[in-house]
Amino acid sequence: MGTKNRKITRRTVLAGAAATGASFAIHRRARAVEPVKIGFTMPKTGYLGVACPVAYQAYELWRDQVNAAGGLKIAGSEPRPIEFISYDDQSEPSKTVQIYQKMITQDKVDLLLSPYGTPFHLALGPVAERHKFPIVGSTSNSTLLRDLGVKYMWAGQQAPDVYAPEMVKFMQSVGIDSASMLTLQLPASLEFKKFLTPELEKAGIRLDANDEYPNSITDMTAMVGSVKAAGSKAVLGLSYPLDSALYVKTAREMKIDVPMQLLFIGPALPFFSQQYTGADLEGLMTIGEWSPSQTAWPKAKPFYDAYMAKWNEKPDYLDSVISYASCEILEQAVAKVGLDHEKLREVISTDTFDTIKGPIKFDGNDNVATKPGLLQVQNGELEIVWPKEIATATFKPKQGWS
Amino acid sequence: MTALLEVEAVGKVFGGLVAVSDVSFTLAQGEIVGLMGANGAGKTTLFNLISGAMAPTSGRVRFEGCAIEGRRPDEICRRGIGRTFQIVKPFPGMTVAENVAVGVLYGARRRTPSAREVAAETDAVLAEMGLSAMRDKLAGELTLAGRKRLEVARALASRPKLLMLDEVMAGLTPIEAAGALDMLRQVHETRGTTMLVVEHNLRAMMQLCQRIVVMHHGEKIGEGPPEVVIRDEKVIQAYLGAQA
Amino acid sequence: MIAQLVFVGLTTGAIYALIAVSLNLIYGTMRLLNIGHGDMAMVGAYISFWLFTLADVPPYVSFLIAPAVSGLFGLLLYRGMFAGLLRRVQGDAVEGSSLLVFFGISMVVQNSASLLFSGTPRAYRYFDGIVEFGGIAVTESRLVALAVAVVAIGAVLAFLKFSIWGLGVRALIQNRAASAIVGINVDFAFTFASVVGFALAGLAGAVISMYQAVTPFMGGPYTTVGFVVIILGGLGNINGAIIGGLVVGLLETAGIALTGPNFRDLLIYGVFIAVLMLRPQGLFGRKGAH
Amino acid sequence: MKAPSWFAGPIGGALVVALLAAFVVPGMAGDYGIEFATTLVLWIALVQSWVILSGYTGYVSLGHAAFVGAGAYVFILTWGAVPFWFGLVAAGFTSGLLALIVGGPCLRVRGPYFVILTLGVAEFVKYAVINIEASLGKFGRLMIGTPEPVDIYRMAVGLAAIAFVMALVARYSRFGVGLRAIRENEVAAEMTGIRVRWLKVGAFGLSALVPGVVGALMICRTGYFEPLQMFSPQLSLTIITMCVAGGSDNPWGPLIGALFLNILSELLWDSAPELYTVILGVVLVFVVLRMPEGIYGTAVKRLARRSRKAVPGETTP
């Protein structure tokens, strides 16, 4: 009757304790050289408290790796160890603004990493601009950052106006001609919907059920029922982790038999595979363009292994990867031009960076080197099924539930 | 003497229960009238009907010739009817002076008084009621006698033409009750305020009232000067019968 | 489909009713504005999750352990804080003060959980087969949740109805001042309300953990629903809380089916506001009870 | 009742403090200091506005977030279309109007019913705005060209000063005496000639003006509007927490409560970033248990007792 994932959690606790001990040890030893102070905030409490570990765990992994390798390489000087100065922004963008000002003016940090989530990036844009302090964005994926017109901040992820056409291209490539869309009423989902709807129309994909729901949703029976009645070939769930899980629970009960079932954010998260395994997870899709099994990116698999070793859970293929990649960009830029903010801005704006998700290059605020893609669970692992150039597997229609 | 208050065939029914039935009487300017009756006779309900806490089911209440039944209590107060409560309701978290000031500020008057006028009038009422020494105490900290006094003071501060007193002496020691009686007489003497008084203390009623209305089971069963009323056979039977 | 919607609505509603009944015991008797009630459910959910993942303890055993722990917590809070607070503070001030206390407690509990376990959602699988009957298909965990809620609420009702202590608690909910005068042991009733109220919240959490991911912040929405339900049903009215819970549960499923999922909250709060406009004392509250 | 002459003292004092805060602090504090001060001052404005209804009448509102959110929403809707100041004023008045509309029916309900009803109304308004925004195809709105932080700070100081004076005048005027009488005993208040309904609704409307402007200033700080954040019930809860911690029978208590909580959380947050919310929770519990009348109320009482001891024979403080 019951299955479980005991090994993951018990080891997590031990590994976590060990890791903390290890990082203390490094700190003490590295005191000889003045560390490089890198600041950021994370919404450890508040409504994003659930989502942010995937990001800061990537940051902490990067710090430990760099320190273990002798410190951050800085052009024109000795490598120096990294010291994080991080605070809880309580899921409030205004707090983020306040804390970044503090980190810049009082804590006198040398470098900054980005906070978690689009609204926080948007709120921070003007701060970066005023202090001429470069911040490589990570978990931000909105066209609004472009509208802000800042020169000191770059988006980590693809904006929906780039993402939506790719998703539709994929659907056409596997012969899907009808879809039902379920949209969470939060900015990122709503923005995606806004760009996806005309693309679907342009491609001649029929839109059947098209519902929006609030973040307070606790039951999806009615909504999933309308999806079932519509008989579409695809379910596009523009959803967040907890409602993604709710969708799977309800779709199982109602035996939703649809070849393409995509959930915006969820299937890549660790808890998802605690709650659902086997046939339930198999065939679910999510957005993302990364996989440890993509051999074209030599750093991908080592990152995956290191993350697993440190945190004893899989990285999130979207947020953890881009968070880590933003650290890599900063690392490479500093290695090239040192800690001067103006030079950093220059080099980040123009160079191409080699990261765990392949090359990244910015044009304006946008990353133009990465093509947005889609992931699918196949044999329990997430595989890239789109775009073709970086695909690690081919799409397989979802086959029922357990 | 012109009639200040006219109660005409007033009735109140709660669900199926008749609380007050067809009661009529009048109060002349400057009169002190007692309202007597056993517990449950409908005295407090009648107070509520006059002061606007409830609307009567039937009948009229006229004050200075205007129909006031069913109007809001605050409006009736501003027209000049002040009252106290059987179960005292001071403003416990406010000081004694503040309690009185509420009456001064919101009671019957033509214009908003200035701060100095409020202070002066509050002090005057406090002195009149013998509360000056306690002016800065919280109302909730007073003894029962003090709170009853305060209720009268608050009602007086609103400059009522008619003051309705609901058992202001109940629960007091004989000495306190005597003091209260003197105080009311004093008020009547100096202000000439018309009063409608509910009281169980027969002697006090005899001394204070010029006329007494007796109620029984929601109906008026007698009316007249005190010494006549208490000798009335019907009244004795109803009143003492119920008491015993 | 209609049968499915109604049944699912009932299971959701049963959990709401369980939370509301327990909250009603605390709010109805002591007038403590327990905005940390959902956090107690969160504690129960974590207990259930960790017992299962670390020690193989199946959730039905946690259904006993979680309420024991949270009930003990309730006892300690009452003895340590609220007994004294209730002696010193009276009237409306109780609500303000207790709101602040529970706000503090809620911060401590939530953030301790967050520090200890991080914000990462946790989940496990149990009772996750699918049962079909009469055109209805539901996950077993929903049935278990329904059964547990019915049994727990039934036990509380029976206690209140048939035992002499229960009579005292009911009288206390109706009128505190009068109860003390007629010799009801107020201290016992308060202790009872604290322990049982907290224990049932913990139980609800243990049940919820079977089908919803566990996070340090999962309690908030349940607190809100709990308050809406007890005010809807009439403060202190246990039967009202049960019916109110079912009403909200059905609004969430059937109501959404009729209007659209985006109207979920407008529907729930709209009905709530409308009811209070028409009946200021709630659906089943007595006039003047407040 | 005309404002007594001693009003001039506190009002003048508030003005001096506000002017000092507006023009001296920015020179001394860095960027971060200004951000902290802005947060603090906005909280002060919020608690002062809340106390007018909930502190004085005892109708505890858990719905203040609705007014903050409504103000912010109106402000962003009019952003760019009308002059800045006009937008601020419109934000305040819209919230005030919203309060007048919902106040009538809501204030028929008392005690706990009112507390939860206001929460329900605030949630209703929040989800209404979410749905309106979604149906307009909006996914958060961006404002470009918002004022400099120092200017926002100065506006916030001005607003807090206005809110303080409003709360002060409301407390010690005829209006405030009426409101407090309602809190102490509504039936008796009505029988003493107070137009209970008008006063309550009036106080509700008045208490919603300032939060509307606060909402506008809050989105100016981040340049971004998203309903879920602006209508957060957490905000309403925090307001109550500050007011109860300080004591809420007069403007001083909430002022002290806001200072206390902001400064405390700032100190804790800086020195114990991991544990600070836990410690803050413990402190809150402690405050209530040791000082049920709030910091201000308790302090006044202690001082009074001490002075009474010092001057034997005097009966009243």
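Biologist: What makes the 6 strands of the sheet in chain B an open sheet, and what is their order?

Modeller: This is a predicted model. In it, the order is β6-β7-β8-β3-β9-β10 (chain B), with mixed pairing. The sheet is open because β6 (81–83) and β10 (219–224) of chain B stand at the edges, each with a single partner strand, so one side of each has no neighbour in the sheet.

Biologist: What is the average twist from one strand to the next?

Modeller: The twist averages 20 degrees.

Biologist: How do you know that β3 and β8 of chain B pair?

Modeller: Pairing needs at least two bridges between the strands. Strand β3 (residues 32–36) of chain B and strand β8 (residues 194–198) of chain B have 4 bridges. Therefore they count as a pair. Their sense is parallel. B:Ile32, for one, stands opposite B:Met195 in β8(B).

Biologist: Which helix packs on this sheet, and which strands does the helix touch?

Modeller: Helix α5 (residues 144–157) of chain B touches β6 and β7 (162–166) of chain B. Touching requires heavy atoms within 4.5 Å. The direction of the helix makes about 160 degrees with that of β7(B).

Biologist: Now chain A. Which way do the residues of strand β12 (residues 284–287) of chain A point?

Modeller: A:Leu284 and A:Thr286 point one way. A:Met285 and A:Ile287 point the other way. In a regular strand the side chains alternate between the two faces of the sheet.

Biologist: Why are these four called buried or exposed?

Modeller: They are all buried, which means under 20% relative accessible area.

Biologist: Which strands pair with β12(A), and in what sense?

Modeller: Strand β11 (residues 260–263) of chain A pairs in the parallel sense over 2 bridges. There, A:Gln261 has A:Leu284 as its bridge partner. Strand β16 (residues 374–378) of chain A pairs in the antiparallel sense over 3 bridges. There, A:Thr286 stands opposite A:Leu375.

Biologist: How many cavities of 30 Å³ or more does the structure hold?

Modeller: There are 9. The second largest cavity has about 110 Å³ of space. Its lining has 13 residues, and the closest to its centre are A:Tyr276, C:Asp128, C:Thr139, C:Met210 and C:Tyr211. The lining divides into 6 nonpolar, 3 polar and 4 charged residues.

Biologist: Which chains share the most contacts?

Modeller: Of the 4 pairs of chains in contact, chains A and C do.

Biologist: How do you know that chain A and chain B do not touch?

Modeller: Contact means heavy atoms within 4.5 Å. Chain A and chain B have no such contact, and their nearest C-alpha atoms are 38 Å apart. No contact joins chain B and chain C either. Their closest C-alpha atoms lie 11 Å apart.

Definitions and conventions: Residues numbered from 1 in each chain as written. Chains lettered and ligands numbered in written order. Predicted model: local features only at pLDDT ≥ 70, side-chain atom pairs only at ≥ 80, totals over all residues. Heavy atoms only, no water. 1 Å grid on protein atoms, 1.4 Å probe; cavity = no way out; pocket = protein on both sides within 12 Å on 5 of 7 lines; lining within 4 Å. Points joined across faces, edges and corners; volume = space filled by probe spheres on them. Nonpolar A, V, L, I, M, F, W, Y, C, P; charged D, E, K, R; others polar. Axes fitted to C-alpha atoms, helices over the stretch in contact; angles between N-to-C directions. Buried < 20%, exposed > 50% of the residue type's maximum accessible area, 1.4 Å probe, protein only.
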